[in-house]
Structure formats: structure tokens, C-alpha cells
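Here's a quick briefing to read with the model open beside you. Take a look at the fold, then go through the notes.

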Amino acid sequence: MDDRLDTDAMPPELRLAAIVTLLSASALRGPTVAKTAALRAHLGAALADAALAPELRDALEQALAGWRAVECHPASVSVPLCPLTAPGQSLH
């Protein structure tokens, strides 16, 4: 399976921002087929960067391995955002 995006060069910072956004959306609203595919593609493309620090490469490889194992129902949809705390409550 090829997990790289078919786009031209995307700055590494923008790619990492996309990865964080997709991880956050999946955690808060649930994974979907499209989010999972996009996340796998961004993780795979990020790993193609030869200049990655070894620790970051390891973290991306582990994340990609985990997300390759995720199987979403083809008709999966995001759930409405439910607050994890009461409105106005902050946890630190």
C-alpha cells in the first residue's frame, strides 16, 4: 500500500499541521474513511523526508503503523462535537 500523497512538495510544517489536525478531528469526532486515508497519506509522505530527526521518524512510523490497522465502515460519519467538560470548565 502506498501511503504517500500524490501532491507536489508540501512544506514539512504544513504537513505536520495537517497530521495534527486530522488526529485531533479523529479523536474528537471519530475517524472516518476519508480522515483515515488522508492521515495515512500525510504520515507516509512525511516519512519520505530524508531530513527527519530519528525520534520524529520513529514517532511517525509508529503512528502510521497504528493507523494502517484502523478499519472504518465505508459509511462512517463524524459525530457531533460533544464537549468533554461542562461549558466554561477548564482542566489542567
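Helix axes here are lines fitted to C-alpha atoms over the stretch in contact, and angles run from 0 to 180 degrees between N-to-C directions. With that in hand, α1 and α2 pack at about 150°, their axes 9 Å apart. This is a predicted model, in which local features need pLDDT of at least 70 and side-chain atom pairs count only at pLDDT 80 or more, while totals for chains, interfaces and linings use all residues. Residues are numbered from 1 along each chain as its sequence is written, and side-chain values use heavy atoms, with hydrogens and water left out.

**The overall picture**

- The protein has three helices and zero strands, where helices (H or I, at least four residues) and strands (E, at least two) are DSSP runs, numbered from the N terminus.
- Reading along the sequence gives you the pattern α-α-α.
- Of the 92 residues, 24% count as buried; buried is under 20% relative accessible area, exposed is over 50%, and partly exposed is in between (1.4 Å probe, protein chains only).
- The accessible surface comes to about 6400 Å², and 63% of that belongs to carbon and sulfur atoms. These areas come from the Shrake-Rupley method with a 1.4 Å probe, and for residues only the protein chains shown count as cover.
- Take the contacts (heavy atoms within 4.5 Å) with a separation of 6 or more: residues 24 or more positions apart account for 69% of them.

**α1 against α2**

- At that crossing angle, α1 and α2 are roughly antiparallel to each other. The cut-offs are: under 35 degrees is roughly parallel, over 145 roughly antiparallel, 65 to 115 roughly perpendicular, and the rest oblique.
- The crossing of α1 and α2 is left-handed, a label used if the near helix is turned anticlockwise from the far one by less than a right angle (clockwise would be right-handed).
- On the α1 side, the contact is made by R15, A18, I19, L22, L23, A25, S26 and R29. The α2 side brings K35, A38, L39, H42, L43, A45 and A46.
- By class, the contact of α1 with α2 has 10 nonpolar, two polar and three charged residues. Ala, Val, Leu, Ile, Met, Phe, Trp, Tyr, Cys and Pro count as nonpolar, Asp, Glu, Lys and Arg as charged, and the others, Gly among them, as polar.

**α2 against α3**

- Helix α2 (residues 33-47) and helix α3 (residues 54-68) have axes that come within 9 Å and cross at roughly 150°.
- α2 and α3 are therefore roughly antiparallel to each other, and α2 passes α3 in a left-handed crossing.
- From α2, T36, L39, R40, L43, G44, A46 and L47 meet R57, L60, E61, A63, L64, W67 and R68 in α3.
- Sorted by class, the contact of α2 with α3 has eight nonpolar, two polar and four charged residues.

**α1 against α3**

- The axes of α1 and α3 come within 14 Å and cross at roughly 40°, which makes α1 oblique to α3.
- α1 passes α3 in a left-handed crossing.
- Here L16, I19, L23 and S26 in α1 meet L56, L60 and W67 in α3.
- That contact of α1 with α3 divides into six nonpolar residues, one polar and no charged.

**Residues to click on**

- K35 sits in helix α2 and counts as buried at 11% relative accessibility. Leaving out residues up to four places away in sequence, K35 touches L22, A25, S26, R29, G30 and S78.
- K35 and T21 are 14 residues apart in sequence, with 9.9 Å between their C-alpha atoms.
- R29 lies in helix α1 (residues 12-29) and is partly exposed at 36% relative accessibility. R29 and S78 are 49 residues apart in sequence but 5.2 Å apart in space, C-alpha to C-alpha.
- A63 belongs to helix α3 and counts as partly exposed at 24% relative accessibility. A63 and R40 are 23 residues apart in sequence and 8.8 Å apart, C-alpha to C-alpha.
- L56 is in helix α3, and its 32% relative accessibility makes L56 partly exposed. L56 and A46 are 10 residues apart in sequence and 9.9 Å apart, C-alpha to C-alpha.
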